[in-house]
Amino acid sequence: MSIETVTLSEAAAKRIAAIVAADAEKQALRVSVEGGGCSGFSYKFDLDGQPAGDDIVISRDGATVLIDPMSLIYMAGSEIDFVDNLLGQSFQIKNPNAVASCGCGTSFSV
């Protein structure tokens with residue numbers, strides 16, 4: 001079975017590269033899916049040093065994103081984006097699998 005990969009927008013890649021450049025011990029953004037949140041699941045964003053053995057590694061323009069295989073099941077086909085607008089700055093995940101999401105932008109259901 002093939003799982004669609006996750007993509008990284010140009011804006012997200014630039015922001016991740018800038019964030020990890022400020023911390024010599026961190027090399028990547030780890031994105032994971034956890035149970036909880038207003039809609040059943042929520043995204044978690046952390047800085048990480050090295051990928052785990054089974055991580056999916058996504059690279060673009062000097063930025064690296066790590067996703068564990070369990071989270072990838074819920075994120076397949078998604079795009080990670082970085083949005084800077086009047087409401088603030090945040091990473092957002094455009095997930096085609098989400099049937100509902102919350103106004104906070106980090107909670108969803110499948």
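**Exercise 1. Find the bridge partner of I80 in strand 7.**

*Solution.* Start with I80: its bridge partner in strand 7 is I93. Strands here are DSSP runs of E with at least two residues, helices are runs of H or I with at least four, and both are numbered from the N terminus. Next, zoom out to the strands: strand 6 and strand 7 run antiparallel and are joined by seven bridges. Two strands count as paired if DSSP finds at least two bridges between them.

A quick word on the model before going on. It is predicted, so local features need pLDDT of at least 70 and side-chain atom pairs count only at pLDDT 80 or more, while totals for chains, interfaces and linings use all residues. Residues are numbered from 1 along each chain as its sequence is written, and side-chain values use heavy atoms, with hydrogens and water left out.

**Exercise 2. Work out which strands stand at the edges of the three-stranded sheet, and why one side of each lacks a neighbour.**

*Solution.* First, get the order: this open sheet reads 1-6-7, with mixed pairing. Then look at the ends: strand 1 (7-8) and strand 7 each have a single partner strand, so one side of each has no neighbour in the sheet.

**Exercise 3. Which residues of the largest nonpolar core touch the most other members?**

*Solution.* Buried means under 20% relative accessible area, exposed over 50%, and partly exposed in between (1.4 Å probe, protein chains only). Of the 19 residues in this core, L8, V31, V65, I67, M75 and I80 touch the most other members. Elements giving two or more residues include helix 1 (10-21), strand 2 (28-35) and strand 5 (63-67). Now follow L8: beyond neighbours within four places in sequence, its contacts include A13, I16, V65 and I80.

**Exercise 4. Is Y74 buried or partly exposed?**

*Solution.* Locate Y74 in helix 2 (residues 69-75). Its relative accessibility is 26%, so Y74 counts as partly exposed. For a distance check, take F41, 33 residues away along the chain: the two C-alpha atoms are 9.3 Å apart.

How values were computed:
A nonpolar core is a set of buried Ala, Val, Leu, Ile, Met, Phe, Trp, Tyr and Cys residues joined through side-chain atoms within 4.5 Å. Contact means heavy atoms within 4.5 Å.
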